[in-house]
Amino acid sequence: MNKTEQRKKIKDLFLDFTDNGYSEIICQKAFDYLRKRNISTVMSYCPFQKEVNVSILNEMLLKNNVIVGFPVISDKDYTMDCYYSRFYSLNQYGIIQPEKDKFIDKSKIDAVIVPLLAFDEQCFRLGRGKGYYDRYLSDYDGLKIALAYQMQMINKVVVDNYDVQMDVIISEERVYERDN
């Protein structure tokens, strides 16, 4: 099975999926994990379609004085940067992103929260296919965390040489940590 087939299979699973409070459980686990590591700056994202509702985690972090930035993408070269802002708008994909108020340098970010469509036990993720996060994370030394529903776990994600392995993937059932 190739990546396109894996994406289709997962998207089909989401047709009848209901969160049932899993986002709250996942976000609490992620918050506890980050709090133990004294994280002060995080790059997160705004949930899109049926992704884990990471807005819950974002609010928890903000209430605990953690700086939370969000990605702004560039379609010209498929890159992204992190910004903090009080103002947000929809990008060309219908995803909420901040206005370019305050740039946050990658070296100042303690952890990046990454969306995914699927994952495996080795902490590889299957994204949406544009490679924005893999490019951004390719030279990032901080903590890479993905939030997922357990039903998004597959046997083995098809991995290319440019795919970036997560350090941690947190689901409602378990915390998966990368073997170093």
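Two strands count as paired when DSSP finds at least two bridges between them. Keep that in mind here, as this predicted model has an open sheet of eight strands.

- The eight strands follow the order S6-S3-S2-S1-S7-S10-S11-S12, and their pairing is mixed.
- If you want the edges, look for S6 (102-104) and S12 (175-177), as each of these strands pairs on one side only.
- On average, neighbouring strands of this sheet are turned by 30° against each other, ignoring direction.
- In general, the strands of a sheet pair through backbone hydrogen bonds, and they can do that in a parallel or an antiparallel way.
- S1 (residues 41-43) and S7 (residues 111-114) run parallel and are joined by two bridges.
- To find your way there, go to Val 42, which stands opposite Ala 111 in S7.

**Helices packed on the sheet**

- Helix H2 (residues 22-36) packs on the sheet and touches S7, S10 (143-147), S11 (168-170) and S12. The direction of H2 makes about 165° with that of S10.
- Helix H3 (residues 55-63) packs on the sheet too, touching S1, S2 (67-74), S7 and S10. Here the angle to quote is the one with S2, at about 135°.

**Strand S10**

- How many of the five residues of S10 are buried? Five of the five are, and the strand is mostly covered.
- The cover is on both faces: Leu 143, Ile 145 and Leu 147 are buried on one side, and Lys 144 and Ala 146 are buried on the other.
- S7 runs parallel to S10, with four bridges between them. One place to look is Val 114, which has Ala 146 in S10 as its bridge partner.
- S11 also pairs with S10 in the parallel sense, this time over three bridges. Ile 145 has Val 168 in S11 as its bridge partner.

**Asn 58 in H3**

- Asn 58 sits in helix H3. Is Asn 58 buried or exposed? It's buried, because its relative accessible area is 5%, and the cut-off for buried is under 20%.
- The side chain of Asn 58 makes a polar contact with the side chain of Ser 44, at 2.6 Å.
- Skipping neighbours within four places in sequence, Asn 58 is in contact with Ser 44, Tyr 45, Val 68 and Phe 70.

**Aromatic rings**

- Searching the whole structure turns up six aromatic pairs.
- One of them is Tyr 78 with Tyr 132: the ring centres are 5.8 Å apart and the planes are at 55°, so this pair counts as tilted.
- These two tyrosines link distant parts of the chain, 54 residues apart: Tyr 78 is in the loop between S2 and S3 (79-84), while Tyr 132 is in helix H4 (residues 132-137).
- Tyr 78 counts as partly exposed because its relative accessibility is 32%, whereas Tyr 132 counts as buried at 10%.
- Phe 119 and Tyr 176 make an edge-to-face pair, with 5.3 Å from centre to centre and 65° between the planes.
- That pair also links distant parts of the chain, as Phe 119 in S8 (residues 118-119) and Tyr 176 in S12 are 57 residues apart.
- Both partners count as buried, with a relative accessibility of 0% for Phe 119 and 3% for Tyr 176.
- Phe 14, Phe 17 and Tyr 149 form one aromatic cluster.

**Charges over rings**

- Arg 37 lies over the face of Tyr 33, 3.5 Å from the ring centre.
- Lys 106 has its charged end over the ring of Tyr 136, 4.4 Å from the centre.

**Positive phi**

- As background, most residues other than glycine have a negative phi.
- Gln 49 isn't a glycine, yet its phi is positive, near 55°. You'll find Gln 49 in the loop between S1 and H3, and it counts as exposed because its relative accessible area is 61%.
- Cys 123 isn't a glycine either and has a positive phi of about 70°. It's in the loop between S8 and S9 (125-126), and it counts as buried because its relative accessible area is 0%.

Notes: Residues numbered from 1 in each chain as written. Predicted model: local features only at pLDDT ≥ 70, side-chain atom pairs only at ≥ 80, totals over all residues. Heavy atoms only, no water. Axes fitted to C-alpha atoms, helices over the stretch in contact; angles between N-to-C directions. Contact = heavy atoms within 4.5 Å. Buried < 20%, exposed > 50% of the residue type's maximum accessible area, 1.4 Å probe, protein only. Polar contact = N/O pair within 3.5 Å; in protein donor to acceptor, adjacent residues only side chain to side chain. Phe/Tyr/Trp six-rings, centres within 6.5 Å; stacked < 30°, edge-to-face > 60°. Lys NZ or Arg CZ within 6 Å of the ring centre and 35° of its normal.
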